[in-house]
Amino acid sequence: MSTTAQFFRHLSQSARRYDWGKLRWRNLDKTKLVWPFRIMCHPIAGMNELKYEGRGSLAIANGLLIGMLIINCLQYTLQGFAFNTNKLTNFSLVSQLASSSLLVVLFSICGWASGALLDGEGKFREIYIAACYAITPQILMGAVSLVLSQSLVLEEAVFLTLVDGIRLLWTAVALVIGFMTVQQFTVKKTLGALLLTAFFMAAILFLSVLFFSMLQQLFAFLASVFTEINSRR
């Protein structure tokens, strides 16, 4: 049996053994549903409870990540015409995914790596959940910005700028507090770890762009070779 077949066989066996009843509404822990909003209002206490009391939920974190992607797509396509300079013909789900959800995942990976180098206590799962919970203001305020853009005129753009500034600042504060709490760092060490995380992210993005650029050139070269061969037949 091939490796791929074995993988799917083990995957199907795990799926059959999983207790899917846990996902029923009556079996869910309803208190976890409000925790993203608690972190918005009380980030320090909320992140501490998330780490030490197990208030975080991987399913909710994934849902927030999907919610961020949806809001970004809606803002690109449905923002008020007075403020929307995007061309619908240029819309790409891949680019929206790369500029939103994948950045959160990349931050979680690089944050875990920098924490491991600096003797942090955070696990990848904790960092990922904290990062996803921290983007709750980005989602809610993004929806508010989308609604306001439908009724405001160009002279009132300052209100949209204010909303966007608040959501970015709110998200950044929650993200820093979450990272510091999960890793159990001091403020100084947190800033150093975040700088290291940013360096790792930049390096990975650079290598990814370089890899795909080389891959694109390789495919273009192979296509030209096949075209030349076919033209000489």
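Mentor: Start with the cover. The buried residues of helix H6 are covered by parts that include helix H4 (58-78), helix H5 (93-98), helix H7 (124-134), helix H9 (157-183) and helix H10 (187-231). Keep in mind that this is a predicted model.

Now the residues under that cover. The buried set in H6 is Ser 101, Val 104, Leu 106, Phe 107, Ser 108, Cys 110, Gly 111, Ser 114 and Gly 115. In general, an α-helix has 3.6 residues a turn, so residues three or four places apart point the same way. Keep that spacing in mind when you look at the list.

Next, the length. H6 has 17 residues, 101-117, and at 1.5 Å a residue it should span 24 Å. The C-alpha atoms at its ends lie 25 Å apart, which agrees with that expectation. Just after H6, Asp 119 adopts a positive phi of about 60°.

Take one partner in detail: H9. Two packed helices are described by the angle between their axes and the distance between the axes. For H6 and H9 the angle is about 40° and the axes are 11 Å apart. The crossing of H6 past H9 is right-handed.

Which residues meet there? On the H6 side they are Phe 107, Gly 111, Trp 112, Ser 114 and Gly 115. On the H9 side they are Leu 175, Phe 179 and Gln 183.

Step back to the whole chain. The protein has 10 helices and zero strands. Along the sequence the pattern reads α-α-α-α-α-α-α-α-α-α. Of its 233 residues, 33% are buried. Take the contacts between residues at least 6 apart in sequence: 71% of them join residues at least 24 apart. The exposed surface comes to about 14,900 Å², with 70% of it supplied by carbon and sulfur atoms.

One residue elsewhere is worth a look. Ser 149 sits in helix H8, residues 136-149. Its relative accessible area is 2%; the cut-off for buried is under 20%, so Ser 149 is buried. Leaving out residues up to four places away in sequence, Ser 149 touches Gln 79, Gly 80, Phe 83 and Leu 160.

How values were computed. Residues are numbered from 1 along each chain as its sequence is written. This is a predicted model: local features need pLDDT of at least 70, side-chain atom pairs count only at pLDDT 80 or more; totals for chains, interfaces and linings use all residues. Side-chain values use heavy atoms; hydrogens and water are left out. Helices (H or I, at least four residues) and strands (E, at least two) are DSSP runs, numbered from the N terminus. The expected span of a helix is 1.5 Å times one less than its number of residues. Buried means under 20% relative accessible area, exposed over 50%, partly exposed in between (1.4 Å probe, protein chains only). Contact means heavy atoms within 4.5 Å. Accessible areas come from the Shrake-Rupley method with a 1.4 Å probe; for residues, only the protein chains shown count as cover. Axes are lines fitted to C-alpha atoms, for helices over the stretch in contact, and angles run from 0 to 180 degrees between N-to-C directions. A crossing is left-handed if the near helix is turned anticlockwise from the far one by less than a right angle, and right-handed if clockwise.
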